[in-house]
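Here's a quick briefing for anyone meeting this structure for the first time. Take a look at the model, then work through the points that follow.

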Amino acid sequence: MHRILVSEIMSAPVITIDPDALAVDAAELMEGNNVRRIIVIDQDGYMCGIVTDADVLEAETVGSVASRYNPGLAEEWLTVRDVMTADVIAITPEAALGQLVEKMMETKIGGIPVVQPAGPGGKKLLPIGIVTETDIFRLISEAWRADEASETSDQ
């Protein structure tokens, strides 16, 4: 078996959103694209955060509670910037699958953006994809199917 790289299993293109968009817009974008994570990009297209369905749900819950105490308060007041995680754990496309899995297990996160260093001094990150636990499960399922097909044809 060859060494599997992150680039071989990542989902691309990545779905992105502006940090100044409303959190409810992020929820709609996730629902419309059947994803649980969206990469937040700045005006230059560089990654500045990630927002998850859990982040949005928490924001909606906070908005509901706040509006109970202040009925004139709209729940849509939170932006993506307010609810996103700015300190994003990322990986490059050249990383090995094993490195990715170890990083996911260490950090207990289910999805990692795939990035290329860019910008001045390579200090900015350009999102090119994302790998989630679903991508890893798909890989395992495909390997299992291939093994099953091989065993069937050998009989």
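**Pockets, salt bridges and the overall picture**

The largest pocket holds about 330 Å³ of space. Keep in mind that this is a predicted model.

**The largest pocket**

- Which elements give two or more residues to the lining of the largest pocket? They are S2, strand S5 (124-132) and H6.
- H6 is the top contributor to that lining, with 4 residues.
- In total, 17 residues line the largest pocket. Ser11, Asn34, Val35, Ile130 and Thr132 are the ones that lie nearest its centre.
- Sorted by class, the lining of the largest pocket comes out as 8 nonpolar, 5 charged and 4 polar residues.

**The second largest pocket**

- The second largest pocket has about 210 Å³ of space.
- Its lining is made of 13 residues, and nearest the centre you'll find Ile50, Thr52, Thr85, Ile109 and Gly111.
- Strand S3 (47-52) and strand S4 (111-118) are the elements that give two or more residues to the lining of this second largest pocket.
- The lining of the second largest pocket splits into 5 nonpolar, 4 polar and 4 charged residues.

**The chain as a whole**

- The protein chain has 6 helices and 5 strands.
- Read from the N terminus, the elements go α-β-α-β-β-α-α-α-β-β-α.
- There are 155 residues in the protein chain, and 37% of them are buried.
- Take the contacts in the protein chain with a separation of 6 or more: 56% of them are between residues 24 or more positions apart.

- How many salt bridges does a search of the whole structure find? The count is 4.
- As background, side chains of opposite charge can pair when their charged atoms come close.
- One of the salt bridges joins the side chains of Arg81 and Asp20, at 2.8 Å from N to O.
- Arg81 sits in helix H4 (residues 80-83), while Asp20 is in the loop between strand S1 (16-17) and helix H2 (23-33), so this pair ties together parts that are 61 residues apart in sequence.
- With a relative accessible area of 42%, Arg81 is partly exposed.

- Glu133 makes a salt bridge with Arg36, and their closest N and O atoms are 2.8 Å apart.
- That pair links distant parts of the chain, 97 residues apart: Glu133 belongs to helix H6 (residues 133-154), and Arg36 to the loop between H2 and strand S2 (37-41).
- Glu133 is partly exposed, at a relative accessible area of 23%, and Arg36 is also classed as partly exposed, with 40% relative accessibility.
- Arg37 forms a salt bridge with Glu133 too, with 3.4 Å between the closest N and O atoms.
- This second pair also brings together distant parts of the chain, with Arg37 in strand S2 and Glu133 in helix H6, 96 residues apart.
- Is Arg37 buried or exposed? Arg37 is buried, because its relative accessible area is 15% and the cut-off for buried is under 20%.

**Two residues to look up: Thr79 and Lys103**

Contacts listed here leave out residues up to four places away in sequence.

- Thr79 is found in the loop between helix H3 (53-69) and H4.
- Thr79 counts as buried, with 18% relative accessibility.
- What does Thr79 touch? Its contacts are Pro19, Asp20, Ala21, Leu22 and Ala23.
- Lys103 is in helix H5 (residues 97-107).
- Lys103 is partly exposed, at 27% relative accessibility.
- Lys103 touches Ile89, Ala90 and Ile112.
- Lys103 and Ile91 are 12 residues apart along the chain, and their C-alpha atoms are separated by 8.9 Å.

Key
Residues are numbered from 1 along each chain as its sequence is written. This is a predicted model: local features need pLDDT of at least 70, side-chain atom pairs count only at pLDDT 80 or more; totals for chains, interfaces and linings use all residues. Side-chain values use heavy atoms; hydrogens and water are left out. Buried means under 20% relative accessible area, exposed over 50%, partly exposed in between (1.4 Å probe, protein chains only). Contact means heavy atoms within 4.5 Å. On a 1 Å grid over the protein atoms alone, a cavity is a set of points where a 1.4 Å probe fits but cannot get out, and a pocket is an open set with protein on both sides within 12 Å along at least five of seven lines; lining residues have an atom within 4 Å of a point. Grid points are joined across faces, edges and corners, and a volume is the space filled by probe spheres set on the points. Ala, Val, Leu, Ile, Met, Phe, Trp, Tyr, Cys and Pro count as nonpolar, Asp, Glu, Lys and Arg as charged, and the others, Gly among them, as polar.
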